[in-house]
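Reader: I am new to this structure. Please show me how to read its features one by one.

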Amino acid sequence: MKRTAEDELLEIGRKWLMRGGVRGLSVRGICAEAGVSPGTFTTHFRTLGEFADRLLAEWYEPLKAAVASRRRAGGNALERLRAELHASAHFFHENAAVMMQLIIDASRSQENVQHLLHAARLTHMSWLSEAIADAQREGYIVREPVERVMLYLFGAINFPCLLYQLMPEEGLPEDAGFFQVMEGAADEKSALQRLDWALQGIMIKK
């Protein structure tokens with residue numbers, strides 16, 4: 001199928017999002033790279049904000065699809081909980097560059113990014129709450145308040161979102177040290193190891 005101007009603009013937009021987040025998007029710059037006029041851009045996306053919203057929605061959709069797929073896969077409740085957390089860890093690993101940029105965006109008061117990350121936190125909390133409650137009912141993990149167990153696991157595996165919650169008002173630094181910390185937090189092998197340690201701490205021995 002022939003690529004359209006809309007496809008090209010979105011593809012270039014995804015690259016710009018990875019390099020400089022929403023704050024780095026530029027209609028003229030993206031159009032110049034795509035070889036189209038700003039008028040073509042506004043034909044498909046009325047504003048830069050609408051374009052950014054589309055990029056953000058398409059960026060987050062694979063995680064929702066992956067978790068939904070893992071939940072339908074069956075198995076016992078502990079396996080489903082582990083699968084959902086693994087899907088999250090894999091997503092953060094694969095999208096570490098964009099995630100780092102979006103966290104900086106949010107600290108720079110980019111409202112559309114703040115709204116996305118807020119919605120993502122709520123979505124994750126809903127997923128985890130259901131999975132934890134199921135694992136408790138089936139006798140796999142301790143029967144403590146779901147919120148307490150959820151925060152325990154959330155801190156163990158979803159460090160990027162946790163960091164956003166704890167973000168200082170003055171914003172986060174755009175320097176090599178910050179990116180190094182974030183890359184370590186998003187490392188999939190490390191995240192899965194932390195997850196296994198965390199689950200061992202709340203499992204009921206049978």
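This is a predicted model: local features need pLDDT of at least 70, side-chain atom pairs count only at pLDDT 80 or more; totals for chains, interfaces and linings use all residues.

Reader: How many helices and strands does the protein chain have?

Author: The protein chain has eleven helices and zero strands. Read along the sequence, the pattern is α-α-α-α-α-α-α-α-α-α-α.

Reader: What share of the protein chain is buried?

Author: The chain has 206 residues, and buried residues make up 43% of them.

Reader: How do I read two packed helices?

Author: Two packed helices are described by the angle between their axes and the distance between the axes. Here, take helix 6, residues 96-107, and helix 7, residues 111-137. Their axes come within 8 Å. They cross at roughly 115 degrees. The crossing is left-handed.

Reader: Which residues make the contact between helix 6 and helix 7?

Author: Helix 6 supplies Met 99, Leu 102, Asp 105 and Ala 106. Helix 7 supplies Val 113, Gln 114, Leu 116 and Leu 117. Sorted by class, six are nonpolar, one is polar and one is charged.

Reader: Where is Asn 112, and what does Asn 112 touch?

Author: Asn 112 is in helix 7. Leave aside residues up to four places away in sequence, and Asn 112 touches Val 22, Gly 49, Ala 52, Asp 53 and Leu 56.

Reader: Is Asn 112 buried or exposed?

Author: Buried means under 20% relative accessible area. Asn 112 has 19% relative accessibility, so Asn 112 counts as buried.

Reader: Now the rings. How do I read an aromatic pair?

Author: A pair of aromatic rings is described by the distance of the centres and the angle of the planes. The count here comes to five aromatic pairs. One of them is Phe 45 with Phe 51. The ring centres of Phe 45 and Phe 51 are 4.9 Å apart. Their planes are at 70 degrees, so this pair is edge-to-face. Both Phe 45 and Phe 51 are buried.

Reader: What is the geometry of the Trp 59 and Tyr 60 rings?

Author: The centres of the Trp 59 and Tyr 60 rings lie 6.5 Å apart. The planes are at 35 degrees, so this pair is tilted. Trp 59 is buried, and Tyr 60 is buried too.

Reader: Which residues form an aromatic cluster?

Author: Phe 41, Phe 45 and Phe 51 form one aromatic cluster.

Reader: Which side chain does Asn 95 join in a polar contact?

Author: The side chain of Asn 95 joins that of Trp 59, in a polar contact of 3.0 Å. Asn 95 sits in the loop between helix 5, residues 77-94, and helix 6. Its relative accessible area is 17%, so Asn 95 is buried.

Reader: Last, Thr 42. Where is Thr 42 found?

Author: Thr 42 is found in helix 3, residues 38-44. Its relative accessibility is 42%, so Thr 42 counts as partly exposed.

Reader: What does the side chain of Thr 42 reach?

Author: The side chain of Thr 42 reaches the backbone oxygen of Gly 39 at 3.0 Å. Now look along the chain. Thr 42 and Val 27 are 15 residues apart there. Their C-alpha atoms are separated by 9.2 Å.

Notes
Residues are numbered from 1 along each chain as its sequence is written. Side-chain values use heavy atoms; hydrogens and water are left out. Axes are lines fitted to C-alpha atoms, for helices over the stretch in contact, and angles run from 0 to 180 degrees between N-to-C directions. Helices (H or I, at least four residues) and strands (E, at least two) are DSSP runs, numbered from the N terminus. A crossing is left-handed if the near helix is turned anticlockwise from the far one by less than a right angle, and right-handed if clockwise. Contact means heavy atoms within 4.5 Å. Ala, Val, Leu, Ile, Met, Phe, Trp, Tyr, Cys and Pro count as nonpolar, Asp, Glu, Lys and Arg as charged, and the others, Gly among them, as polar. Buried means under 20% relative accessible area, exposed over 50%, partly exposed in between (1.4 Å probe, protein chains only). A polar contact is a pair of N or O atoms within 3.5 Å; within protein, one must be able to donate a hydrogen and the other to accept it, and residues adjacent in sequence count only if both atoms are side-chain atoms. Rings of Phe, Tyr and Trp (its six-membered ring) pair if their centres lie within 6.5 Å; planes under 30 degrees apart count as stacked, over 60 as edge-to-face and the rest as tilted.
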